[in-house]
Amino acid sequence: MNPADKSGEVPVPARSRRADAQRNQQTLLTAAAAVFVTSGVDAPIREIAARAGVGMGTIYRHFPTRADLVVAVYRHQVEACAEAGPTLLAATGSPLAALVQWVDLFVDFLVTKHGLANAMQSDTSGFDALHAYFLDRLVPVCGQLLDAAVNAGEIKPGTQPYELMRGIGNLCIGHDSDTRYDPRRLVALLLQGLAKD
């Protein structure tokens, strides 16, 4: 006999509910990140809800303020970038190709990141902590990709991961204030400059 509540429905185990909630939140964060890349961090919540296939109330239940949502997207994207590095290295025949694909994900992340300071407004200590988290997670991944490409003889040695990430970040500045500017072309030129002749 199935245990049921007074409505006659079989209760869902708490672990299953938590897993579903986690998946739903990841779907929501992925949708929000995609919207932020195309429309900026000030994009309407209804646009994010539509992309995620949820109601606006669901977003506000998980993230009461826009800053909460932006910070969660930021952390979600940092983790996605960190996990993508080793995955791309394992799945791609060329470490340089893996680096190029990873940099593309990193650029998407940076486009979102430029709106983070405005969304957090006066919480400078929170912003600084997130920046430290970003460096701790992503500099080693970038270093692993660079080392693999150097060891494969695909790029010249000597480029430090932090300096590459900083250079890419500087090329991405201004994207949100000038729709005519697409940093990806210049980032591609930067990566071409790393390749061995």
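This is a predicted model: local features need pLDDT of at least 70, side-chain atom pairs count only at pLDDT 80 or more; totals for chains, interfaces and linings use all residues.
Helices (H or I, at least four residues) and strands (E, at least two) are taken here as DSSP runs, numbered from the N terminus. On this basis, the elements of the protein chain run α-α-α-α-α-α-α-α-α from the N terminus on, with 9 helices and 0 strands in the chain. Residues are numbered from 1 along each chain as its sequence is written, and side-chain values use heavy atoms, with hydrogens and water left out.

Accessibility was considered for the chain as a whole. Residues are classed as buried under 20% relative accessible area, as exposed over 50%, and as partly exposed in between (1.4 Å probe, protein chains only). By this criterion, 36% of the 197 residues of the protein chain count as buried. The chain exposes about 11200 Å², of which carbon and sulfur atoms supply 53%; accessible areas come from the Shrake-Rupley method with a 1.4 Å probe, and for residues only the protein chains shown count as cover. With contact defined as heavy atoms within 4.5 Å, 64% of the contacts between residues at least 6 apart in sequence join residues at least 24 apart.

The nonpolar interior was examined next. A nonpolar core is a set of buried Ala, Val, Leu, Ile, Met, Phe, Trp, Tyr and Cys residues joined through side-chain atoms within 4.5 Å. The largest such core has 33 residues, and those with the most contacts inside it are Trp102, Phe106, Phe109, Leu138 and Ile168. At least two residues of this core come from each of H4, H5, H7, helix H8 (161-172) and H9. The greatest contribution is that of H5, with 10 residues. Apart from this core lies another, of 17 residues, among them Ala32, Ile48, Ile59 and Phe63. When neighbours within four places in sequence are left aside, isoleucine 168 is in contact with Val103, Phe106, Val107, Leu110, Val187 and Leu190.

A pair of aromatic rings is described by the distance of the centres and the angle of the planes. Rings of Phe, Tyr and Trp (its six-membered ring) were paired if their centres lie within 6.5 Å, with planes under 30 degrees apart counted as stacked, over 60 as edge-to-face and the rest as tilted. A search of the whole structure finds 5 aromatic pairs. One of them is formed by tryptophan 102 and phenylalanine 106, which are stacked at 5.4 Å centre to centre with 5 degrees between the planes. These two residues are 4 residues apart in helix H5 and are therefore separated by about one helical turn. Both tryptophan 102 and phenylalanine 106 are buried. The rings of phenylalanine 106 and phenylalanine 134 have their centres 6.1 Å apart and their planes at 5 degrees, so this pair is also stacked. Because phenylalanine 106 lies in helix H5 and phenylalanine 134 in helix H7, the pair ties together parts that are 28 residues apart in sequence. Phenylalanine 134, like phenylalanine 106, is buried. One aromatic cluster is formed by Tyr74, Trp102, Phe106, Phe109 and Phe134.

A charge is taken to sit over a ring if NZ of Lys or CZ of Arg is within 6 Å of the ring centre and within 35 degrees of the ring normal. The charged end of arginine 75 sits over the ring of tyrosine 133, 4.3 Å from its centre.

Side chains of opposite charge can pair when their charged atoms come close. A salt bridge was assigned where a side-chain nitrogen of Lys or Arg is within 4 Å of a carboxyl oxygen of Asp or Glu, and the structure holds 3 such bridges. Arginine 137 forms a salt bridge with glutamate 79, the closest N and O atoms being 2.8 Å apart. Arginine 137 lies in helix H7 (residues 124-151) and glutamate 79 in helix H4 (residues 66-91), so the pair ties together parts that are 58 residues apart in sequence. Arginine 137 is partly exposed, at a relative accessible area of 31%, as is glutamate 79, at 25%.

Asp104, Asp108 and Arg184 are linked in a network of salt bridges. Arginine 184 bridges to aspartate 104 with the closest N and O atoms 2.4 Å apart; arginine 184 belongs to helix H9 (residues 183-194) and aspartate 104 to helix H5 (residues 95-113), 80 residues apart. The side chains of arginine 184 and aspartate 108 likewise meet in a salt bridge (2.2 Å, N to O), linking helix H9 with helix H5 across 76 residues.
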